[in-house]
Amino acid sequence: MADQPYLEVKGVSKTYTLKTIFSGSKQVKALQDISFKLGRGEALALVGESGSGKSTCGRAIAGMFDIDEGDILVNGKSITSARNSKEKRENAQKVQMVFQDPFASLNPTHTVRHHLARPLTLHKRVPEGSTLEQELVRTLEDVELEPDVMLDKFPHELSGGQRQRINLARALAVGAELIIADEPTSMLDVSIRRSILNLMNRLKTDRGITFLYITHDLATAHYLTENTAVMYGGRIVEYGPSDAIVRDPQHPYSQLLLSSVPNAHTRINADFEHARDFSKFADRVRTETAASTAGLKEIAAGRFVRAA
Ligand SMILES: Nc1ncnc2c1ncn2[C@@H]1O[C@H](COP(=O)(O)OP(=O)(O)OP(=O)(O)O)[C@@H](O)[C@H]1O
């Protein structure tokens, strides 16, 4: 089906029960009725402050735990009802996560060659007529690293940006079709953040990789993504085209997020200069956003906002 979304998240909820010393237990609604669709080769930003539920959403899609309600379809197939370990393995292969700390994800005792050769071999990703060496070279070229220089290096010999490129290369070596990039640039120098976003952009357009880009930074989301979902308290409060949301955020919480972007970002996003300063209303905005039980309302084609 030509217009079948690559990823479909349908009414997903997840509540954690935390044991507390004094009151027995406490429930944390990490995800509340989350729905969105994402086409192949497109990118969606999940944006929100710490604790808003972004990573839980990403981990749910990667099948890292069971959701309480709803369904998640990858390429038309439900991952929640994957029947056997073969189906689960196939899902796990197609959906790969890249994390914030590029060093922690790499084994310091192994070379780049080992990090890439292992998934290529394990997942039988060397096509007939090719060799492992040729695939290693191709995978490194996909992430714009020089194979001759890189293959025999250890993680400590690489810069942060190079390590994150290796993590992306490893996801490709596994056979990723959807990459969930969880704050992939936030531990990198400001000067190289943009180059990693550019690389992900090229993987999207040239290789058809679909991206879920998890970030607290609303202002940079539109460099990579067509659409943005702003999350607070486990719910989506605003959804729509990324450039429209950054130019003209409608929900008070989206406005608050944009107004709190540090000045450093204004250099790469001139639009931010026009955002109003909502920071003094921060507590009120958060309280009202958490209390609202209103549903998302479509205010323009493809643009949804929850009443505050
Ligand atoms: N394994 C877990 N057990 C209990 N509570 C959890 C667990 N994982 C997440 N939570 C809670 O769920 C809520 C959402 O957390 P989540 O990590 O998804 O937010 P986030 O927006 O990704 O934040 P951050 O940017 O800090 O990672 C938080 O209140 C968090 O404490």
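This is a predicted model: local features need pLDDT of at least 70, side-chain atom pairs count only at pLDDT 80 or more; totals for chains, interfaces and linings use all residues.
Helix α9, residues 252–259, and helix α10, residues 282–291, have axes that come within 9 Å and cross at roughly 145°. Who makes the contact? On the α9 side we've got Pro252, Tyr253 and Leu256, and on the α10 side Ala282, Val285 and Thr289. By type, that contact splits into 5 nonpolar residues, 1 polar and no charged.

In general, nonpolar side chains in soluble globular proteins tend to be buried together. Here, the largest nonpolar core has 74 residues, and the members touching the most others are Ile61, Ile180, Leu212 and Val230. Helix α6, residues 160–174, gives this core its largest share, 6 residues.

Let's zoom in on Ile180. Beyond its neighbours within four places in sequence, Ile180 is in contact with Gly58, Ile61, Ala62, Val95, Met97, Leu212 and Ile214.

Last stop, Ile209, in the loop between α7 (190–207) and β8 (210–215). Is Ile209 buried or exposed? Buried, because it has 24 C-beta neighbours inside 10 Å, and the cut-off for buried is 20 or more. Leaving out residues up to four places away in sequence, Ile209 touches Gly41, Ala176, Glu177, Ile179, Leu203 and Lys204. And for a sense of distance, take Ser85: it sits 124 residues from Ile209 along the chain, with 24 Å between the two C-alpha atoms.

Terms used: Residues are numbered from 1 along each chain as its sequence is written. A nonpolar core is a set of buried Ala, Val, Leu, Ile, Met, Phe, Trp, Tyr and Cys residues joined through C-beta atoms within 7 Å. A residue is buried if 20 or more other C-beta atoms lie within 10 Å of its own, exposed if 12 or fewer, and partly exposed in between; C-beta atoms are placed from the backbone. Helices (H or I, at least four residues) and strands (E, at least two) are DSSP runs, numbered from the N terminus. Two residues are in contact if their C-beta atoms, placed from the backbone, lie within 7 Å. Axes are lines fitted to C-alpha atoms, for helices over the stretch in contact, and angles run from 0 to 180 degrees between N-to-C directions. Ala, Val, Leu, Ile, Met, Phe, Trp, Tyr, Cys and Pro count as nonpolar, Asp, Glu, Lys and Arg as charged, and the others, Gly among them, as polar.
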